[in-house]
Amino acid sequence: MDGEMVPYEQANVHVLTHSLHYGLAVFEGMRCYKSENGRSAIFRAQEHIRRLFDSAHILEMHIPFSQEEIVKACADVVRINKFDECYLRPIAFYGAGEMGVVARNNQVRLAIAAWPWGAYLGDDGITKGVRLKTSSFVRFHHNSMMAMAKTSANYVNSALAGYEARRNGYDEALLLDVNGYVSEGSGENFFIVRDGVVRTPPLMSCLAGITRDAVMKILADDGIQVLEQQFPRDLVYISDEAFMTGTAAEVTPVRELDDRQIGDGKPGPITRKVIEVFHGALRGREARYNQWLHYV
């Protein structure tokens with residue numbers, strides 16, 4: 001916290017912490033994996049921390065550390081906790097002091113936590129695929145909530161959609177954008193496959209996911225066409241395959257949307273290939289993607 005290692009039980013903030021009340025915080029989700037060579041590595045650490053700074057810039061928040069210092073601190077947290085594999089959460093926020101929506105003189109604080117975390121949508125989700133429900137909540141417009149920024153406030157939208165889907169017996173929500181086109185999950189980017197062509201919503205409709213970017217590179221390197229374009233949810237119904245990507249979700253197949261089976265209801269060949277290469281990259285088995293690994 002704020003440049004010093006502190007024990008878990010001492011990592012506290014005051015109840016009047018500004019960002020607790022108004023949601024002005026930016027954060028990242030990162031994962032560390034044990035590589036084939038026995039060393040642990042954070043996946044795309046530099047890209048995640050660059051996005052943290054991009055989000056802060058959008059909010060006019062000045063983070064009082066450099067990107068290099070934060071990447072090093074993330075590796076230090078993993079090493080000191082003696083984790084082989086873990087999830088990491090860097091978060092920058094306004095501390096206690098002045099209250100009020102427009103208060104901007106409070107100290108910008110930075111914390112980095114790490115903990116073990118398994119499959120976000122369950123082990124069965126990875127092997128069998130998950131069931132989605134189109135949410136009654138719409139992903140917000142860029143001019144209302146600054147959708148390119150990964151901010152705490154933006155995730156109220158995600159939480160409401162995710163709660164609704166799970167309460168109704170589904171694994172995850174699929175949100176549409178303000179124009180009615182497919183956007184993303186509550187915490188994942190979204191892809192479909194039809195006739196060998198992969199489609200994913202453009203950045204005007206979704207967060208610029210780090211895993212999304214990696215998967216698009218993997219697909220392109222394997223000669224599979226990837227189109228960033230808007231599409232309606234009924235195209236999902238008649239797709240051959242669908243999958244979601246994210247740091248927490250990794251690459252998770254989708255077997256149903258709105259009680260319509262997608263393809264044959266099982267992870268398809270392109271999805272399976274992406275999962276294989278992606279997991280190989282995470283653990284250093286794909287030499288062409290070794291630049292994605294930041295060893296601790």
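Me: In which loop is S35 found?
Reply: S35 sits in the loop between strand 2 (30–34) and strand 3 (40–43). Strands are DSSP runs of E with at least two residues, helices are runs of H or I with at least four, and both are numbered from the N terminus. Before we go on: this is a predicted model, where local features need pLDDT of at least 70 and side-chain atom pairs count only at pLDDT 80 or more, while totals for chains, interfaces and linings use all residues. Residues are numbered from 1 along each chain as its sequence is written, and side-chain values use heavy atoms, with hydrogens and water left out.

Me: Why is S35 called buried?
Reply: Buried means under 20% relative accessible area, exposed means over 50%, and partly exposed is in between (1.4 Å probe, protein chains only). S35 has 6%, so it counts as buried.

Me: What is S35 in contact with, leaving aside neighbours within four places in sequence?
Reply: Contact means heavy atoms within 4.5 Å. On that basis S35 meets A41, L282, R283, G284, L293 and Y295.

Me: What makes E28 a buried residue?
Reply: Its relative accessibility is 0%, so E28 goes down as buried. You'll find E28 in the loop between strand 1 (25–27) and strand 2. Skipping neighbours within four places in sequence, E28 is in contact with H48, R51, L52, Y87, L88, R89, P90 and K150.

Me: Why is helix 2 called oblique to helix 3?
Reply: The axes of helix 2 (residues 45–58) and helix 3 (residues 67–80) come within 10 Å and cross at roughly 125 degrees. Angles under 35 degrees are roughly parallel, over 145 roughly antiparallel, 65 to 115 roughly perpendicular, and the rest oblique. So helix 2 is oblique to helix 3.

Me: Which residues meet where helix 2 and helix 3 touch?
Reply: A45, Q46, I49, R50, L52 and F53 in helix 2 meet Q67, I70, V71 and C74 in helix 3. Those contact residues split into seven nonpolar, two polar and one charged.

Me: Where does L132 sit, and what makes L132 buried or exposed?
Reply: L132 belongs to strand 6 (residues 130–134). With a relative accessible area of 0%, L132 is buried. Not counting residues up to four places away in sequence, L132 touches Y170, E172, L174, F190, M244, V254, E256, L257 and D258. The C-alpha atoms of L132 and L175 are separated by 10.0 Å, although the two residues are 43 apart along the chain.

Me: What stands out about phi in M146?
Reply: Most residues other than glycine have a negative phi. M146 isn't a glycine, yet its phi is positive, near 55 degrees. M146 is in the loop between helix 5 (142–145) and helix 6 (155–167). At 37% relative accessible area, M146 is partly exposed.

Me: And why does D195 count as exposed?
Reply: D195 comes in at 64% relative accessibility, so it counts as exposed. D195 lies in the loop between strand 9 (189–194) and strand 10 (197–200). D195 has a positive phi too, about 55 degrees, although it is not a glycine.

Conventions
Axes fitted to C-alpha atoms, helices over the stretch in contact; angles between N-to-C directions. Nonpolar A, V, L, I, M, F, W, Y, C, P; charged D, E, K, R; others polar.
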